[in-house]
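Hello,

Here is the structure you are taking over.

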Amino acid sequence: MAEPLTGGAASPAPAPPAPLTRGGAAECLHAWSRALLVSGLVLLAGAVLGVAGFVFEQSRATWRPQVAATSAGWRIATSHGLQLGGSALGADHLAWEAGPFTLLTDPGSGKSRLLGAAATAGSASAPSMSDRFVVWLEAPASGSRDAVVWVYEISRGRRTRLEDVQGISQSPAVSGTTAVWEAAGGGAGSPQIHGADLVTGRRFSLGESGGASVLIISGTLVAWAAGRPDPAAPLVITVVDLADGRRWSIAPYPEGQEGSLLGIALAGRTLVWARATSAAQADQILAYDLDRPAVRVIAQAIDLVPPAADGDLVVWAQPSAEGGTQVIGVRLSGGDPFPIASVPGGSVRSVLVSAKTVAWHVAGALLFDTYLQTARLP
Amino acid sequence: MASWTTRRSPRLGHFGQLVLLWVLVELWILNIADLLLTRYSLWLGFAKESNGVMDYFFRSGTVPTVAFKIGIVTVGALLLWRLRHYRTALFAAALLTGVFTAAVAYQALWVLSF
């Protein structure tokens, strides 16, 4: 005979089920509702915990920059030992990279938004931006996974994956609604320049890049610099007009001279580049009008900081006689170079320009003492 | 005199069982939300699955991941429902659901903040 599971006094016999009446059904529904309400309290407690954790984490986020107003604009510095990397200006916003993070800062309000965080130990490229889009490359820590070209649409606040890129790739670039990037080709794996219209989704290829060291786009013009098969030969800058397919190949310095290309920019339909050659005592910035093939030197100084351009305005930085660095601009349509800002300490690494805003990236004496400063054009 | 079992885990009344049922339903739905948000965060590239078992399934593919994640929580929920007469079952379910809610709320805010 089976042993009873419980000892002691026998439990009372269960009450016979009450006949289902309207009152009984209402009571049953009431019990279910109350039970739902009580279970909702569990959800509420959990949600409060989750929100608190998120807020706590955000308050201690390492990516959040220190933004301070200056008399002419903003000064943006990183914290927690993050080093400020490449940056871009556009649409009254500043996109920048610090370690694995890609951020967008509104200089009007000083508020920043995290656009991307490369996976653990990964890295992000310098971003490029137009009035509508920011593009950048996130590379994984190991070569076993592809790097990813990301697009962020500023007005919609929407981030989308544009392309998975194999091998080493340069920072992608964007102008208007057109993005270009470098990717290893199929089969032989020779790198190629690819592009896409970010609104229509139309894709195109500009052919082999030769391993671009820098890639830029402005309007319908795409330019990149790459080495030649002969390592002794100077780099070549290739410019392609997406509108009609025309191509230009420009040697940034004469063959037979030792030299280096410091940077390139597109000012309207003028290619601008900075070079250092063994023949010249100082670095030079040159401008080449693609429609009226003619080269002219627009700046010459020791330790020139590579130029940035927007429309017909070219901006660069050079050491000043007083010991600091001078940020200078010139309009290619005419006029003399004019001073934009004076940077008393540290060394200027790069300059940016978009519409009426100029920015410069300063590296101080200490390793992580880097900041970006913006100013409105005079 | 109360039995050994009853003293170890007090009995749950009818109302408590109703609460347990709702909590288990919520747990099951939250599990799906957690799966979707994790999958989306991994795809976005800013998250890394720190649970080794789930990381293995995420690498194996979508179908094994969905089958494992839904399957294990369904089995767990059914087990807790089987033990619905005990107050401990309600406590365990509430704890699990609370933790899942916190994780889902945190992930949802992360995704929204991007």
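Below are some notes on the interface between two chains and on one residue.

This is a predicted model, in which local features need pLDDT of at least 70, side-chain atom pairs count only at pLDDT 80 or more, and totals for chains, interfaces and linings use all residues. Residues are numbered from 1 along each chain as its sequence is written, chains are lettered from A and ligands numbered from 1 in the order in which they are written, and side-chain values use heavy atoms, with hydrogens and water left out.

The interface: 28 residues of chain B and 36 residues of chain A are in contact (heavy atoms within 4.5 Å). Together the two chains bury about 2,700 Å², 69% of it on carbon and sulfur atoms; buried area is the accessible area (1.4 Å probe) that two parts lose on being put together, summed over both. Five residue pairs, both at pLDDT 80 or more, are in polar contact between chain B and chain A (a pair of N or O atoms within 3.5 Å; within protein, one must be able to donate a hydrogen and the other to accept it, and residues adjacent in sequence count only if both atoms are side-chain atoms). On the side of chain B that touches chain A, helix 2 (14–44) and helix 5 (87–113) of chain B each give two or more residues (helices are DSSP runs of H or I, at least four residues, numbered from the N terminus). Helix 5 of chain B gives the largest share, eleven residues.

The residue: Ser130(A) is buried, with a relative accessible area of 5% (buried means under 20%, with a 1.4 Å probe and protein chains only). Its side chain reaches the backbone oxygen of Gly176(A) at 2.8 Å.

Regards

Notes
Buried means under 20% relative accessible area, exposed over 50%, partly exposed in between (1.4 Å probe, protein chains only).
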